[in-house]
There are 2 protein chains.
Amino acid sequence: MYKIELSSDEVPKKWYNINADLPSEIPPPKNSEGKNQIEYLPKIFSKGVLEQEFSTERYINIPNEVRELYMRMGRPSPLFRAKGLEDKLNTPAKIYFKREDSSPTGSHKLNSAIPQAYYAKKDGIERLTTETGAGQWGTALSLACSQVDLDCTVYMVKVSFDQKPFRKVIMGIYGGEVHASPSKYTEAGRKTLAENPDHPGSLGIAISEAIEDALDNEHAYYSIGSALNHVMLHQTIIGQEVKTQLEIAEEEPDVMIGCVGGGSNFAGFTFPFIKDKIDGNSDCEFIGVEPSSCPTLTEGKYDFDFGDTTGLTPLIKMFTLGHDFVAPSVHAGGLRYHGMSPQVSLLKKEGIIDAKSATQKEVFKAGILFAKSEGIVPAPESTHAIKVAIDEAKKCKETGEEKTIVFNLSGHGLLDLVGYDKFLSNQLSSDN
Amino acid sequence: MYKIELSSDEVPKKWYNINADLPSEIPPPKNSEGKNQIEYLPKIFSKGVLEQEFSTERYINIPNEVRELYMRMGRPSPLFRAKGLEDKLNTPAKIYFKREDSSPTGSHKLNSAIPQAYYAKKDGIERLTTETGAGQWGTALSLACSQVDLDCTVYMVKVSFDQKPFRKVIMGIYGGEVHASPSKYTEAGRKTLAENPDHPGSLGIAISEAIEDALDNEHAYYSIGSALNHVMLHQTIIGQEVKTQLEIAEEEPDVMIGCVGGGSNFAGFTFPFIKDKIDGNSDCEFIGVEPSSCPTLTEGKYDFDFGDTTGLTPLIKMFTLGHDFVAPSVHAGGLRYHGMSPQVSLLKKEGIIDAKSATQKEVFKAGILFAKSEGIVPAPESTHAIKVAIDEAKKCKETGEEKTIVFNLSGHGLLDLVGYDKFLSNQLSSDN
């Protein structure tokens, strides 16, 4: 059996909230001195997601309308056995991967975009604003908005806007309005452009623009694609589906691996299994993999910091490289974030999960081996998980252990082929 | 139920050969005056596919190794109910679509690439040569070759090679060697370049180069992506799966729709159902949809003609626009072929299937409505089928009929976004 499919009606009925099971409490967010960022929150987030953000309920019902949209967008996603890769590695390990790349927008991001759009619509809002770097999140939110009949404004980091024109086209197909950030449409954008008309933009500035746009317009909310708990929560449908699928395959995972940027695909994939570990019912190992050029979990410090660059967000306790850290321009754009989900951070701090880092060359090499053996061209982000899955499978070859290794294929790489091209033609810098 | 999945072991065990059930015999291919193209065939095709090409056996066993590779590459593919599209159209019709876009290479082409690579390997061959226009077929054959450990040489029409660099990158990821055609590697290429060093290339020249390369190298075969009967045969796993899936959904199709270029996805999707119609057990309507700029079935003549431009192939009885017909450069590159599968041609001649044509603007408009409602960005080729499916659903709205409309989503459009961009920014010519 190479793929394990679930039928539409097996989409989970609840999200799993890890706040209920963490070994210690997440320190609440704080205002920075002389500011009151926490007061903003109800002006830019829907009642639904704000309630979820701080909830400690273990399971939260998925509204029927949201489940219906999950089904329409093709969920549950398949779990695959990577038999081709196992053969190429000649390993006794069994390798499985969850196919979040099979979403219509090509990544796991739609799992949170749909409920965020739904709850905004429910509050009578007309438009969502957001930022996007590589474009995966902006694409998912544009589609989700078209599904519930909301407008969508995406501030896309200018350098990506120029270098990744196709993401912009897809957002346009879904009806999203995309502005290169810094833009002339916000005070933050205009101020930046006045200082430097050729500013390449940054995720920090794009966040500032999207938040400002939502704060200034009472019919608009802001929407975020990672880091916050309601996003982790929505993504737990991934791990819950994997649980059912591994039961069908009669497997227990020994190692679960995901890439980490803000933490959302890793969290969604592992949290339902981490619960079992916390409960003492599993000794599975969990590994988050990040670029060695943006080593938040492996080299950052666990401290209060802003979620954005300019300090519009409250201070959050998390692993961080500092809110003014600028990661080099690696092709895994979705992993270039200075901070980390507070929940993922706490689990790392408590030693419940592990973290590793890998260089661009290592991960593209792993991505190509995967593509040749399984056919699917993985997103540069997802190749980080593949790299470590291959390492684990090779270890099994040495020790003879028949481990069950499961990783999350968070997205496909069909819109990120520039990086592969550079790797194949030896143009990738060997520094990061 | 939004998606109807089959498990890996439900991959069909036999291909269906429509030669056994055609209402009249396909006229055999002929040599052109003073030439003997038929003699070439065993030098460039494997024993396996040549036997299939002229077989009249109704069912042909799929070798276990090929079935295994189909499974590894994710087959069977899902059948989806397009509930979002039905809602947007407010139609009483039920619309289903087969997701050939979910293949790792993004189209149905892998269904024939895998057996062609398998049979070549079985004959002890080391390398396959082929041509590719838009790149879908070259991509599929590169992956299939990497699966059975064959080398793969792809002659890619130069204008596509330059304009679609990402297809080339994907072929490179799979290990395929890609040459811009006309190339310096063959006599045909060199001759063309000598006459015009800036020649943009054509499918006809690329075919000549690929055939010449195979003829000149005893360890190489040539491989083709459409038109010939063994290709149609391999593609019938699509329609057989759809049959099982519609039975699960308790549906009988009233209309089945596919786009047509050389005929392979349309044939694979419909032939198992056309058998029922020929047997008198169905009154389903079958519609092939082509670009109005390349109207082979709707305006071509049914006659003997070459399959390529320069006359290297035998003469084949088919609908044709003439082997020197040059279709305008529409974005549905996969449908720009002057000829047509002899089997599909005969069925049209006999009135068993119907054909329609549509303009670029019409099909992109349909593609965008589909993307907004179902999430998936369809290939420009596949939007032709979507356009007619929408027309049929609208007719049902007028008449109140609850027809079951099924179309084949032959591929996704993630590597063809230039056409969407031009449509959205009103830059598409209105001529074709």
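Visitor: At what angle do helix 15 and helix 16 of chain A pack?
Guide: Keep in mind that this is a predicted model. Helix 15 covers residues 360-374 of chain A and helix 16 covers residues 383-399 of chain A, and their axes lie 8 Å apart. The packing angle is about 80°.

Visitor: So what do you call that arrangement, roughly parallel or roughly perpendicular?
Guide: Angles of 65 to 115 degrees count as roughly perpendicular. The angle here is about 80°. Helix 15 and helix 16 of chain A are therefore roughly perpendicular.

Visitor: Which residues of helix 16 of chain A make the contact?
Guide: On the helix 15 side of chain A, you've got A:E362, A:V363, A:A366, A:G367, A:L369 and A:F370. By class, the contact residues of the two helices split into six nonpolar, three polar and two charged. From helix 16 of chain A come A:T383, A:H384, A:I386, A:K387 and A:I390.

Visitor: Let's move on to cavities: what is the volume of the largest cavity?
Guide: The cut-off for counting is 30 Å³ or more, and five cavities make the list. The largest cavity comes out at about 650 Å³.

Visitor: Which residues lie nearest the centre of that largest cavity?
Guide: The lining has 48 residues, with 21 nonpolar, 15 polar and 12 charged. Helix 5 (110-122) of chain A and helix 5 (110-122) of chain B are the elements that give two or more residues to this lining. Nearest the centre of the largest cavity are A:R99, A:S102, B:R99, B:D101 and B:S102.

Visitor: Over in chain B, what is the bridge partner of B:Y96 in strand 15?
Guide: Chain B has an open sheet of seven strands too, in the order 1-4-5-15-10-11-14 with mixed pairing; strand 1 (3-4) and strand 14 (354-358) are its edges. Within it, six bridges link strand 5 (residues 94-99) to strand 15 (residues 404-409), and these two run parallel. In strand 15 of chain B, B:Y96 has as its bridge partner B:V406.

Definitions and conventions. Residues are numbered from 1 along each chain as its sequence is written. Chains are lettered from A and ligands numbered from 1 in the order in which they are written. This is a predicted model: local features need pLDDT of at least 70, side-chain atom pairs count only at pLDDT 80 or more; totals for chains, interfaces and linings use all residues. Side-chain values use heavy atoms; hydrogens and water are left out. Axes are lines fitted to C-alpha atoms, for helices over the stretch in contact, and angles run from 0 to 180 degrees between N-to-C directions. Helices (H or I, at least four residues) and strands (E, at least two) are DSSP runs, numbered from the N terminus. Angles under 35 degrees count as roughly parallel, over 145 as roughly antiparallel, 65 to 115 as roughly perpendicular and the rest as oblique. Contact means heavy atoms within 4.5 Å. Ala, Val, Leu, Ile, Met, Phe, Trp, Tyr, Cys and Pro count as nonpolar, Asp, Glu, Lys and Arg as charged, and the others, Gly among them, as polar. On a 1 Å grid over the protein atoms alone, a cavity is a set of points where a 1.4 Å probe fits but cannot get out, and a pocket is an open set with protein on both sides within 12 Å along at least five of seven lines; lining residues have an atom within 4 Å of a point. Grid points are joined across faces, edges and corners, and a volume is the space filled by probe spheres set on the points. Two strands pair if DSSP finds at least two bridges between them.
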